[in-house]
Amino acid sequence: MSTLTLPAIIDMEILGRCDLRCPFCWGPRHEKPDTNIPALLNLIRSFPEYGVESIVITGGEPALIKDLPEVLRTAKEECKLKTVLSTNGLRFAKRLDEIAPFLDWVALPLDAATLEVNRKMRVGDPRQFQIVQDLIPLIRDRYPRLGIKLGTVVCKINKHDILPMIDLIKERCKPDVWKLYQVSYSVYAEDNREQLELSDEEFDDLYKRVNILAGQYNIVLAAYTRAERDGKHLFFTPEGNAMVIAQGQETLIGNFYEDINRVARIWSEFVRTDRLVTNFDRTYPIKRSQPLAKSH
Ligand code: SF4
């Protein structure tokens with residue numbers, strides 16, 4: 001193993017393209033070129049040497065990438081990494097059998113109790129609402145070992161439709177973890193801030209009320225606030241850049257493809273391993289195969 005290390009978990013935004021246009025999106029701009037897949041495969045192959053244990057593949061919509069199964073196979077089978085895929089569900093539903101064998105967890109979004117509100121959140125394809133609800137029992141049936149996280153972004157558009165989601169979740173599509181995300185104002189969410197604005201107090205109050213109901217139905221609930229973003233992630237962007245959140249701002253600290261050792265030397269100035277690992281373990285409670293090596 002290299003004497004230099006990277007965090008145990010890396011969030012990999014491998015493209016900006018998406019088949020939806022969510023107003024709160026804080027992924028990369030959709031017009032960015034996809035990452036270079038051969039370079040990505042080489043990068044993933046180097047991760048075990050740097051102590052990386054898990055990757056979260058995200059975007060954009062990763063299921064638009066033809067070679068996604070190969071990316072995940074390389075991570076899981078060759079490199080023995082834990083793999084999480086964050087997908088809006090539309091293409092994933094069609095490619096389930098190609099992709100699911102190489103996953104530990106899938107993160108799916110559902111943002112409302114009603115089609116009417118969900119389509120204002122997940123703009124571009126109203127079928128997304130039903131597809132995700134159908135996917136969960138299908139995954140349970142075909143891939144019972146696959147963990148399912150349901151993510152809900154909470155903002156001004158859907159705040160009144162969050163509590164009623166309990167019925168939907170407890171009856172039909174109970175995930176292993178349901179996570180509420182307070183909207184964060186970066187990228188598209190910054191452009192659309194006025195229509196999204198949700199105060200800390202509103203989010204806290206809503207979370208408390210949902211948590212009481214979730215407890216009654218044994219739904220595992222987690223929350224992610226705007227203020228918590230700092231120091232919790234090391235992102236890979238489609239260009240290969242290493243990005244952190246520092247004082248609420250997305251900040252580039254190097255490039256994985258050009259100089260991975262530079263990234264490995266400085267990431268710990270911006271990312272706290274305890275915060276990163278706690279966030280990951282609460283979201284995707286995977287049994288670890290090895291103890292955490294480092295404390296930063
Ligand atoms: S939030 Fe996700 S599904 Fe929505 S536009 Fe962004 S990448 Fe696509």
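## Basis and terms

Two strands pair if DSSP finds at least two bridges between them. Helices (H or I, at least four residues) and strands (E, at least two) are DSSP runs, numbered from the N terminus. This is a predicted model, in which local features need pLDDT of at least 70 and side-chain atom pairs count only at pLDDT 80 or more, while totals for chains, interfaces and linings use all residues. Residues are numbered from 1 along each chain as its sequence is written.

## The sheet

Ten strands form an open sheet with mixed pairing, in the order β7-β6-β5-β4-β3-β2-β1-β8-β9-β10. Its edge strands are β7 and β10 (249-255), each of which pairs on one side only.

All five residues of strand β3 (residues 82-86) are buried, so the strand is largely enclosed by the rest of the structure. A residue is buried if 20 or more other C-beta atoms lie within 10 Å of its own, exposed if 12 or fewer, and partly exposed in between, with C-beta atoms placed from the backbone. In a regular strand the side chains alternate between the two faces of the sheet. In β3, Lys82, Val84 and Ser86 point one way and Thr83 and Leu85 the other way, and all are buried.

On one side, β3 pairs in the parallel sense with strand β2 (residues 54-58) over four bridges, and valine 56 stands opposite valine 84. Right-handed here means that, with the strands pointing away from the viewer, the path from the first strand over the helix to the second runs clockwise. Strand β4 (residues 105-109) runs parallel to β3 and is joined to it by three bridges, with serine 86 opposite alanine 107.

## Strand β6 and its neighbours

Strand β6 (residues 177-182) has five of its six residues buried, so it is largely enclosed by the rest of the structure. Six bridges link β6 with strand β5 (residues 147-154) in the parallel sense, and lysine 149 stands opposite valine 177. Together with helix α6 (residues 165-171), β5 and β6 make a right-handed β-α-β unit.

The pairing of β6 with strand β7 (residues 221-224) is also parallel, over four bridges. Tryptophan 178 stands opposite leucine 221, and lysine 179 has alanine 222 as its bridge partner in β7.

## Nonpolar core

The largest nonpolar core has 84 residues, of which Ile10, Phe24, Ile55, Ile57, Val106, Leu108 and Val154 touch the most other members. Helix α5 (residues 128-142) gives the most to this core, with six residues. Such a core is a set of buried Ala, Val, Leu, Ile, Met, Phe, Trp, Tyr and Cys residues joined through C-beta atoms within 7 Å.

Leaving aside neighbours within four places in sequence, the contacts of valine 154 (C-beta atoms, placed from the backbone, within 7 Å) include Lys159, Ile162, Leu180, Tyr181 and Leu206.

## Proline 28

Proline 28 lies in the loop between β1 (9-13) and α1 (37-46). Proline 28 is buried, with 26 other C-beta atoms within 10 Å. Not counting residues up to four places away in sequence, proline 28 touches Glu13, Gly16, Gly60, Thr237 and Pro238. Tyrosine 188 is 160 residues from proline 28 in sequence and 8.8 Å away in space, C-alpha to C-alpha.

Notes:
Contact = placed C-beta atoms within 7 Å.
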